[in-house]
Amino acid sequence: MQKTIFVLLDACRWDIGSANAGYLEHLVEVGRAAKYQVRGELPSMSRPMYETLMTGLPVSVHGIVNNQVCRRSLHPNLFSLCRSQGLVTAAACYFWMSELYNGAPFDPLSQRFQLGGDGDIQHGIFYWEDLYPDSHLYADGEFLRHTYDPDFLLLHSMNIDYWGHQRGSDSREYAAAAGAAMEHLARLLPAWMDEGYQIVVTADHGMNALGHHGGPTWEQRTVPLYVISPLCVPGRYEEEEVSQLLIAPLVCRMLDLSRPQGMLRESSLPGLEAPGPRP
Ligand SMILES: [Zn+2]
């Protein structure tokens, strides 16, 4: 098992994300990363898709049907699965993750820093303003990584979503926000790879030209997935869309976690190395 960093770029649509991911695309070109086109689940909204990404379950099963459902997750998730195996979890992310995996409702004045807690996210730094700078978010993540040496670390930035809502997916501001997030990542990826981390970069949903997401159109649901891991043969797997439900089981396999009931088998993801022994 190698430690894993999960980067969630909120609302980073497939085409705009890809068009601004110079360094990640380079890693695909030189055979260091695998890239997939992901067909996102519905509704293409944040809180439901956070739960889908972390549990591998569709909304009709996990019940977080829109952003207003404010409660803790009822299902095994990547954080709780890690904790049950004695692995260390950490996250720098939007406060909805705290509500889903540590408890709701979130109190910003007392719960911004949850370090050494007993929630599913053992070490968390949470923000609640959508314009919390991505630059600070990635620095928060580095603090968690250096201080607590987590086995599973989630970094979740929000500025792409913010600018998409403000100006729409065709705007220079949305593209610039995607490019800026990718630049932050490019500064971090070489060190992460040198230190042997497995890395997953993806999004919860996309964005349309009107500045909305939630529906079933291609623009609102299609997102990229980049994977750096010995489990994934580097290359481009973009011809056919893969299900977003495969991301949680992929991370389970990366971390040697037993796949809970209801989670799909990751084996339908193209480009996987042959499975080793697992429970
Ligand atoms: Zn949004």
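This passage walks through a predicted model of a single chain, from its overall build to a few local details.

The chain contains 12 helices and 9 strands. Its radius of gyration is 17 Å, close to the 19 Å that the globule rule gives for 279 residues, so the chain is as compact as a globular protein of that length. The C-alpha trace spans about 45 × 45 × 35 Å along its principal axes. Of the 279 residues, 52% are buried. Contacts were also sorted by separation along the sequence: among those between residues at least 6 apart, 67% join residues at least 24 apart.

The crossing of H8 past H10 is right-handed. On the H8 side, the contact is made by Asp-134, Ser-135 and Tyr-138, which meet Ala-180, Ala-181, His-184 and Leu-188 of H10. By type, the residues of this contact comprise 4 nonpolar, 2 polar and 1 charged.

Helix H9 (residues 159-167) has its own set of buried residues, namely Asn-159, Ile-160, Asp-161, Tyr-162, Trp-163 and Gly-164. These buried residues pack against both helices of the pair, H8 and H10, and against strands S1 (4-9) and S6 (152-157). After H9 comes Gly-168, with a positive phi near 90 degrees.

One runs from Leu-42 to Pro-43, with omega near -5 degrees; Pro-43 sits in the loop between strand S2 (34-39) and helix H3 (46-55). Another joins Ala-104 and Pro-105, where omega is about -5 degrees, and Pro-105 lies in the loop between helix H6 (95-101) and helix H7 (108-111).

Ala-11 has a phi of about 65 degrees and belongs to the loop between S1 and helix H1 (14-19). Is this residue buried or exposed? Ala-11 has 29 C-beta neighbours inside 10 Å and so counts as buried. Asp-256, with a positive phi of about 55 degrees, is found in the segment after helix H12 (247-254). Here 15 other C-beta atoms lie within 10 Å, so Asp-256 is partly exposed.

Terms used
Residues numbered from 1 in each chain as written. Predicted model: local features only at pLDDT ≥ 70, side-chain atom pairs only at ≥ 80, totals over all residues. Helix = DSSP H or I, 4+ residues; strand = E, 2+ residues; numbered from the N terminus. Rg over C-alpha atoms; globule rule 2.2 N^0.38 Å. Buried ≥ 20, exposed ≤ 12 C-beta atoms within 10 Å, placed from the backbone. Contact = placed C-beta atoms within 7 Å. Left-handed = near helix turned anticlockwise from the far one by under 90°. Nonpolar A, V, L, I, M, F, W, Y, C, P; charged D, E, K, R; others polar.
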